[in-house]
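Me: I have a model open and want to learn how to read it. Can we go through it one feature at a time?

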Amino acid sequence: MSTISLSSPSIVQERKVVTAIPGPKSQAMHERRKQVVPPGVGAALPVYIDSAFGSIVVDIDGNHFIDFATGIGVTTIGHTNSAVAAAVSDQVHSFTHTCFTVTPYEEYVRVAELLVEHTPGKHAKRVMLVNSGAEAVENAVKIARKHTGKSGIGVLDHAYHGRTNLTMTMNFKNAPYATGMGPTAGGVFRAPGSYPFHDGLSGVEAAERTIWYFEKLVGAQDLACIIAEPIQGEGGFIVPADGYLTHLQEWCTANNVVFIADEVQSGMARTGTYFASEHFGLVPDLMTVAKGIAGGMPLAGVVGRADIMDDVLPGGLGGTFGGNPVSCAASIAVFDEVATHDLTAHAQRVEARLGGGLKKLAEKYPVIGEVRGKGAMLAIELVEPGTKKPNPSAVTALIAFGAAHGLLLLSAGSSYNVLRFLPAVTMSDDLIDDALSVLDQGLASL
Ligand code: PLZ
């Protein structure tokens, strides 16, 4: 594992809190925002950002936060990575847009080649690029429908797939994503997945249950696809029991149902492999990718078996900005950085250091029901001690304690009782240890 430069001349990689959180400048900015931005657009922590490098985010009041959010799993290789910044800068001086479906360019093709190379399976694949995770999911469903001639979509409890009309319908939580904004889309069927901490089922048992539900709710003859996050993100970093995903896929294959892995959050060097599917021996028919693939530039895509992807008529897929050349240039640099610096190994290092530290905290504090996740996608599920009952107020308190002490933390989970950690895979051991000591104090203060 090569060491990578983690220092920036301007941003010291250290936690530093110099005002109340949010500070006075952020508070003033937040008042300004409220005049023009609706409350529907949330704000997890209204500190306004001035700059960021590596694992440190600096707000306009001069506070330095250790970043465990990475913009919801996006800046996986660290903020303002120098190679990504240089690639973006070069590209904006060359051209910024032509629309790939009008006059194409190499950068799109190169990203497609890299995704073909680094996603599971050696079969012929195709890639289409879009702007957001939700758009990738929408396209994957359209492609599965065209290929199978069927319309039903199978989704899992605790899933999250986006905020468009179709994807908000596919989310487990109606509130707040779809509340009052229906009608939601038709043809979506939901079944329980695998949640070992709560259901105690083996992977095969959980898969049999999922299949039973889909057979009753819709039937294979009307089901175009099943979509699953290999590790559920918003749902609480739920790692399915071994064998769950592959057993489910076997049923799909036997029944002409397309198996889609939504790797928008779990993908791209995040979990210690390029894509989380690899941990489970899963070779999905289609995969959605976004977030970490372009180092903070908006880019997403569908990668999938050529025989499925090729079924859509010429001109049936696209969009004005999909595969924007600046985003593609950033993505090529991300792939290069991951390979050059062995960043999947760095994600494993983060798992050992942070995951190990969290397990020690779990021994000390019974409010931690479970530590789980892979690589730099880790979480603790907080419970009423001695039970498995969700404890969302402990999560809220820990996030507030973290913020006041210079940690950016996010919640997850259908009951908001999971504290998730999505650090850059380049986060130093020193920063991890410092954050663990803050968490220790936070847990003690509950
Ligand atoms: N699929 C698995 O995690 C996005 C949601 C942020 P977009 N998750 C973060 C929010 O509150 O809006 C996500 C995901 C999985 C799809 C998506 C959607 O990706 O790029 O946000 O559209």
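Me: Which side chain does Arg-353 meet in a salt bridge?

Reply: Some ground rules come before the case. This is a predicted model, where local features need pLDDT of at least 70 and side-chain atom pairs count only at pLDDT 80 or more, while totals for chains, interfaces and linings use all residues. Residues are numbered from 1 along each chain as its sequence is written, and side-chain values use heavy atoms, with hydrogens and water left out. A salt bridge is a side-chain nitrogen of Lys or Arg within 4 Å of a carboxyl oxygen of Asp or Glu. Here, Arg-353 meets Asp-433, at 2.5 Å from N to O. The pair links distant parts of the chain, 80 residues apart: Arg-353 is in helix α12 and Asp-433 in helix α14. Salt bridges with shared partners join Arg-349, Arg-353, Asp-429 and Asp-433 into one network. The salt-bridge count comes to 14 by this rule.

Me: How do the axes of α12 and α14 cross?

Reply: Helices are DSSP runs (H or I, at least four residues), and strands are E runs of at least two, numbered from the N terminus. Axes are lines fitted to C-alpha atoms, for helices over the stretch in contact, with angles from 0 to 180 degrees between N-to-C directions. The axes of α12 (residues 343–364) and α14 (residues 429–444) come within 10 Å and cross at roughly 20°. That makes α12 roughly parallel to α14, a label for angles under 35 degrees. The crossing is right-handed, meaning that the near helix is turned clockwise from the far one by less than a right angle.

Me: Where do the partners Arg-420 and Glu-234 lie?

Reply: Their side chains meet in a salt bridge, 3.0 Å from N to O. Arg-420 sits in strand β15 (residues 418–421), and Glu-234 in the loop between β7 (223–228) and α9 (244–254), 186 residues away. Both residues are buried.

Me: What about Glu-31 and Lys-34: how many residues apart are they?

Reply: Both lie in helix α1, 3 residues apart, about one turn of the helix. Glu-31 is partly exposed at 43%, and Lys-34 is partly exposed at 48%.

Notes:
Angles under 35 degrees count as roughly parallel, over 145 as roughly antiparallel, 65 to 115 as roughly perpendicular and the rest as oblique. Buried means under 20% relative accessible area, exposed over 50%, partly exposed in between (1.4 Å probe, protein chains only).
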